[in-house]
Amino acid sequence: NNTCLILLKIYMPTIKTIKAVVGILYAENDTQILITKRRKDKFMPDYWELPGGKIETGEDEENALARELQEELGINTIRISLKHVMTHHYKDNTVNLSIYSVESYRGNVTGKEGQDFRWCNLRNLSNYKLLPTMRIIINRICLPEYYWITPDASEPELLLEKCQNHLNTGTKILQLRSKDFIKQSYIKTIHRLCQSYEARLILNVPNKTFKELCDGWHLTSKELLKYKKRPCDNNKLLGASAHNLKEVKYAEALSVDYISLAPIEETLSHPNAAPLGWVVAKDIVSKSNLPVYLLGGMGSDSLVRALNIGAQGVAGISKI
């Protein structure tokens, strides 16, 4: 047994864990962020990323970020806030990454280490060769704090009116949900309505082809577990419902863009579903790399509580 253990230590590769921190700097009314290009002498050269770096021994995260931004960009941070924590596994190492929003700083941004940098519109980030972690970070930045799920679509005109009302009040993601077939002409009408408000339409309908006219799709938990790889292009949003940590991790492996975790509280629409509760929800959110929306009894009054446990926000039908 001792010989086996020694052989395992010799032949098994050592996976190094790196703790790192990055900062999000905004410009142009928060429509642009700063990205920097990794130098050719670094791990994963020529990829674009957020500014930041490794946390040195004895440093806390905030001091590490202040040092890195001074060394890289020549700026001094004044106020920052933690936005997200995630873990990413590369072939030879694991990165524990803390992402901060840099809300104010002193100085002018320069490439002090000779690195290229750009102020990039959030909508154009997909045009760049980004580090794998960047897609999740971008979703965390760009996704709204809530989205609305449509009720039964049996009365199309009434539903269309409800969609208009929600878009009028600022809804930026509308999930069209139905257990029955919906005509493409009706989907097209709602999609055109969403476009007029610069909102996105997500389809949660049976028999998805992933060719429908929309901005993305939402998988039920049953649909999620049927797929072995992401079923749509990266330029479309892909969400998935999950009811436990195992399903959340499966969704991460499938490279979905966000998770809907449910039910948090009891609901009239699913009276037989045991609620997860806020304690379990907080634990799952803390272990997820992806943005997580909470569902089940959620409304605008639940939003602050959801944000305080690290969720992206809330979603629902009747209370949103």
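Good morning. I begin with Leu219, which stands opposite Ala240 in strand 12; strands here are DSSP runs (E, at least two residues), as helices are runs of H or I with at least four residues, both numbered from the N terminus. This is a predicted model, in which local features need pLDDT of at least 70 and side-chain atom pairs count only at pLDDT 80 or more, while totals for chains, interfaces and linings use all residues. Residues are numbered from 1 along each chain as its sequence is written, and side-chain values use heavy atoms, with hydrogens and water left out.

Strand 11 (residues 216-219) pairs with strand 12 (residues 237-242) in the parallel sense over 4 bridges; two strands pair if DSSP finds at least two bridges between them. Strand 10 (residues 200-204) also pairs with strand 11 in the parallel sense, over 2 bridges, and Ile202 stands opposite Gly216. Are the faces of strand 11 covered or uncovered? Both are covered, since Gly216 and His218 on one side and Trp217 and Leu219 on the other are all buried (under 20% relative accessible area, with a 1.4 Å probe and protein chains only).

I turn now to Glu68, in helix 2 (residues 61-73). Glu68 counts as buried because its relative accessibility is 10%. Leaving aside residues up to four places away in sequence, Glu68 touches Gly52, Gly53, Lys54 and Leu73, where contact means heavy atoms within 4.5 Å.

Finally, the whole protein: there are 9 helices and 15 strands, and 47% of the 320 residues count as buried. Thank you.

Key. Buried < 20%, exposed > 50% of the residue type's maximum accessible area, 1.4 Å probe, protein only.
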